Amino acid sequence: MKQSKKSIIISYTILIFATLIVLLPFFWMLVSSFKSQRELFAYPPKFFPSIWKWENYKQVLNAGSISFFEMFLNSMKITIPVVIFNITFSSLAAYAFARINFPYRKFLFMMFISSMMIPGAVVMIPRFMLFTNLKLVDTYWPLILPSAFGTAFSIFLLRQFFMTIPIDLEEAAVIDGCGKLRIWATIIVPLSKPIIATLSVFLFQGTYNDFMGPLIYLNTDTKFTVQLGLAGFRNAFSTRYDLIMAGSMLALIPILIIYIVCQKYIVKGIVMSGLKG
Amino acid sequence: MASVKTNTSKKKSLQHMTLQKKDALTGYMFIAPALISFIVFVMYPVIASFVISGFDWGILTAPRFIGIENYKTLFKDPIFIESLKNTFTWVILYVPVSILVSLIVALAMDMPLRGIGFFRTMFYLPVMTPMVVCALLFVWIYNKEFGVLNYILSFLNISPIGWLSDRNISLISIALMSVWKHSGYNMLILLSALQGIPESLYEAAALDGITPWRKLINIKLPLIMPSMYFVVLTSVIDAFQVFTEVFIMTKGGPGYSTHTVSYYLFANAFEYGKMGYACAMSVVMFFIILAVTLIQDRIMNKNIQYDS
């Protein structure tokens with residue numbers, strides 16, 4: 001289908017303009033993170049630092065009471081269990097919702113789906129009280145447990161995918177006398193690698209980027225996650241934007257790596273999540 | 001003969017029954033972890049929020065039942081009213097701008113252009129970026145004296161603006177940052193909807209000599225309405241809960257100009273320790289979001305009904 005020349009030019013203009021607006025702040029973060037304080041506050045500002053000051057990064061790496069690397073490890077102590085357990089249990093539930101007949105299946109599925117509209121604030125305080133009573137505040141458990149056994153969004157996304165797997169494959173397995181658990185483990189999960197990859201990225205990003213959860217539950221600074229530690233820089237350094245930007249760059253790197261490696265899965269996942277069940 | 005037949009069919013149906021029962025049991029076993037987790041971490045807290053909102057519930061003091069007293073106080077609390085006003089302003093500012101930007105970019109990307117993958121990748125980058133990083137970055141960009149934004153604007157003879165320090169525009173500034181951060185997500189959903197429009201429709205339209213503008217109004221927009229509905233709904237729900245950007249960028253200030261319901265709720269619960277009061281706020285938020293969802297469902301469903 002041919003497009004008129006005019007609409008092509010307009011489209012390119014929009015895209016280039018939009019991309020510039022998206023990228024310029026990142027560019028500014030990068031150059032600011034390498035500037036000396038003097039250049040940082042120079043007016044008019046220079047775009048590139050005259051000397052690229054790597055020391056900013058060295059200083060930031062060990063700025064807090066724990067190093068950036070330790071904060072990253074802390075983030076992983078939450079993120080990795082969430083990704084692994086959430087996907088395991090969500091896919092079990094999703095498989096049941098997609099393929100097993102049981103009473104109230106539809107009702108229970110709708111219950112999960114509609115819970116996505118509940119604002120987080122409504123569950124926040126009773127959850128906090130629950131974990132306080134369990135003496136689990138200032139541990140990673142409150143940040144892991146609520147997402148570890150399956151969550152509505154994951155179940156929804158996985159179910160959508162499972163519905164597209166041809167049922168014949170399972171019927172052959174049933175004739176061979178396979179139980180549902182076997183079918184799930186040996187047929188469904190291996191066939192669902194793309195969606196599992198997508199969901200892993202979503203969960204990783206969501207958990208690693210989360211700020212409010214760690215803010216509520218973590219008090220000891222040696223337990224801080226990357227986001228919480230980074231936010232703390234703002235108070236610790238106040239106007240040292242060179243260091244704050246260097247810290248921001250460091251916090252962004254794991255996400256950038258994931259983004260570059262898993263890009264195609266992300267696009268696929270969003271397209272699927274936008275489809276109505 | 002006949003009796004044998006009924007016998008086997010009986011046997012079969014019996015077997016069928018047990019199979020069905022077995023299936024049901026397996027089904028429940030599979031959803032059990034998710035369901036128990038849902039009951040403990042979602043259902044129970046929602047109900048508890050309603051209950052706690054009826055109490056004077058401090059961190060240290062014993063809870064005392066006070067009925068609807070919290071709600072009465074709430075609607076007399078000038079800071080809450082201000083927060084509520086700000087939250088609505090935020091939703092009205094942020095949602096339309098964000099969706100318009102997403103739509104324009106998605107329309108531009110739905111063209112057979114070279115390098116579309118690159119543009120798509122770049123436009124989605126802020127969505128991946130942690131909110132804390134974005135917020136800190138824009139605190140620096142918005143800086144009144146040394147921020148690069150005011151420097152760029154100085155070429156247009158615009159005198160320095162206190163993006164985050166002027167109480168008349170602080171909320172707008174944060175909303176703009178939020179548009180910058182989130183538009184990529186909605187853009188991708190709208191783009192995939194646009195690309196799902198069958199080519200044959202365009203071909204038929206081309207035969208009629210349709211203008212690009214009419215093509216947009218008569219074909220593209222009506223056909224992406226279901227996705228639009230999803231995008232509007234999720235954006236509105238998210239927008240009502242804005243927290244992190246406010247917490248990092250302005251701490252609700254200057255004055256109360258960027259206090260949102262979520263922010264004030266957080267402050268009440270975790271800084272002032274007024275759990276009952278904060279729960280009352282969350283209940284109000286719950287009903288606002290519920291109402292908005294229902295209203296939107298009404299309006300949008302009316303508009304989506306096209307049969308072709």
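A residue is called buried if 20 or more other C-beta atoms lie within 10 Å of its own, exposed if 12 or fewer do, and partly exposed in between, with C-beta atoms placed from the backbone. The model is a predicted one, in which local features need pLDDT of at least 70 and side-chain atom pairs count only at pLDDT 80 or more, while totals for chains, interfaces and linings use all residues. Residues are numbered from 1 along each chain as its sequence is written, and chains are lettered from A and ligands numbered from 1 in the order in which they are written.

**Exercise 1.** Determine whether A:Phe153 is buried, partly exposed or exposed.

*Solution.* Begin with the location: A:Phe153 belongs to helix α8 (residues 152-162) of chain A, where helices are DSSP runs (H or I, at least four residues) numbered from the N terminus. Then take the count, which is 19 other C-beta atoms within 10 Å, so A:Phe153 is partly exposed.

**Exercise 2.** Describe how α7 and α10 of chain B are arranged, and which residues make their contact.

*Solution.* The axes, which are lines fitted to C-alpha atoms over the stretch in contact, with angles from 0 to 180 degrees between N-to-C directions, come within 9 Å and cross at roughly 170° for α7 (residues 170-195) and α10 (residues 225-240) of chain B. Because angles over 145 degrees count as roughly antiparallel (under 35 roughly parallel, 65 to 115 roughly perpendicular, the rest oblique), α7(B) is roughly antiparallel to α10(B). The contact (C-beta atoms, placed from the backbone, within 7 Å) involves B:Asn186, B:Ile189, B:Leu190 and B:Ala193 of α7(B), together with B:Ser227, B:Phe230, B:Val231 and B:Ser235 of α10(B). By class, these residues comprise 5 nonpolar, 3 polar and no charged, where Ala, Val, Leu, Ile, Met, Phe, Trp, Tyr, Cys and Pro count as nonpolar, Asp, Glu, Lys and Arg as charged, and the others, Gly among them, as polar.

**Exercise 3.** Characterise the side of chain A that touches chain B.

*Solution.* In total, 73 residues of chain A are in contact with 76 residues of chain B. On the side of chain A, α1(A) gives the most, with 14 residues, and the classes there are 51 nonpolar, 17 polar and 5 charged residues.

**Exercise 4.** Examine the backbone at B:Lys251 and B:Pro254.

*Solution.* B:Lys251, in the loop between α11 and α12 of chain B, has a positive phi near 50° although the residue is not glycine, and B:Lys251 is exposed, with 12 other C-beta atoms within 10 Å. B:Pro254 is found in the loop between α11 (244-249) and α12 (261-270) of chain B, and the peptide bond from B:Gly253 to B:Pro254 is cis, with omega near -10°.

Conventions. Helices (H or I, at least four residues) and strands (E, at least two) are DSSP runs, numbered from the N terminus. Two residues are in contact if their C-beta atoms, placed from the backbone, lie within 7 Å.
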